[in-house]
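Let's walk through this one together, a question at a time. Take a look at the model first.

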Amino acid sequence: DVTVDARDNVYVEQFIEVKKGTTITWENTGRNRHNVLPDDEGDFTEVPADELDPGMKASVTFDKVGEFGYYCSLHGTPTKGMIGAIRVIG
């Protein structure tokens, strides 16, 4: 399993590669509320902002192989700002 820090206006690590079946946990280590939305709706279960307030964690398991971009709609768009991507390999 892998943890991604949702700091103030940036995900750390921003780009990661994991094996199929890995659970990604986003942990809000900053002062601001965040969310995690897939670039392409339906690619994975989104994490709403009320589940990622400062100090909170939220997880999603990636069971499909592929590339999954994501962003925080409070601090970015699918193409700029608070963005990240996960490559899931077999």
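A nonpolar core is a set of buried Ala, Val, Leu, Ile, Met, Phe, Trp, Tyr and Cys residues joined through side-chain atoms within 4.5 Å. Buried means under 20% relative accessible area, exposed over 50%, and partly exposed in between, using a 1.4 Å probe and protein chains only. This is a predicted model, where local features need pLDDT of at least 70 and side-chain atom pairs count only at pLDDT 80 or more, while totals for chains, interfaces and linings use all residues. Residues are numbered from 1 along each chain as its sequence is written, and side-chain values use heavy atoms, with hydrogens and water left out.

Q: How many residues does the largest nonpolar core have?
A: Nonpolar side chains tend to be buried together in soluble globular proteins. Here, Tyr11, Trp26, Phe62 and Ile86 have the most contacts inside the largest core. That core has 20 residues.

Q: How many strands does the protein chain have?
A: Helices (H or I, at least four residues) and strands (E, at least two) are DSSP runs, numbered from the N terminus. The chain has zero helices, and its elements run β-β-β-β-β-β-β-β. So, with those DSSP runs as the guide, the number of strands is eight.

Q: What is the radius of gyration of the protein chain?
A: This radius is taken over C-alpha atoms, and the globule rule is 2.2 Å times the number of residues to the power 0.38. With 90 residues, a compact globule would come out near 12 Å. The chain agrees with that, at 12 Å.

Q: Is His34 buried or exposed?
A: His34 sits in the loop between β4 and β5 (37-38). Contact means heavy atoms within 4.5 Å, and beyond residues up to four places away in sequence, His34 touches several others, including Asn9, Leu52 and Met82. Because its relative accessible area is 0%, His34 counts as buried.

Q: Which residue is 15 residues from His34 in sequence and 5.2 Å away in space?
A: The distance here runs C-alpha to C-alpha. Among the residues that His34 touches are Pro48 and Ala49.

Q: What is the relative accessible area of Asn9?
A: Look in the loop between β1 and β2 for Asn9. Asn9 has a positive phi of about 75° although it is not a glycine. Asn9 is partly exposed, because its relative accessible area is 40%.
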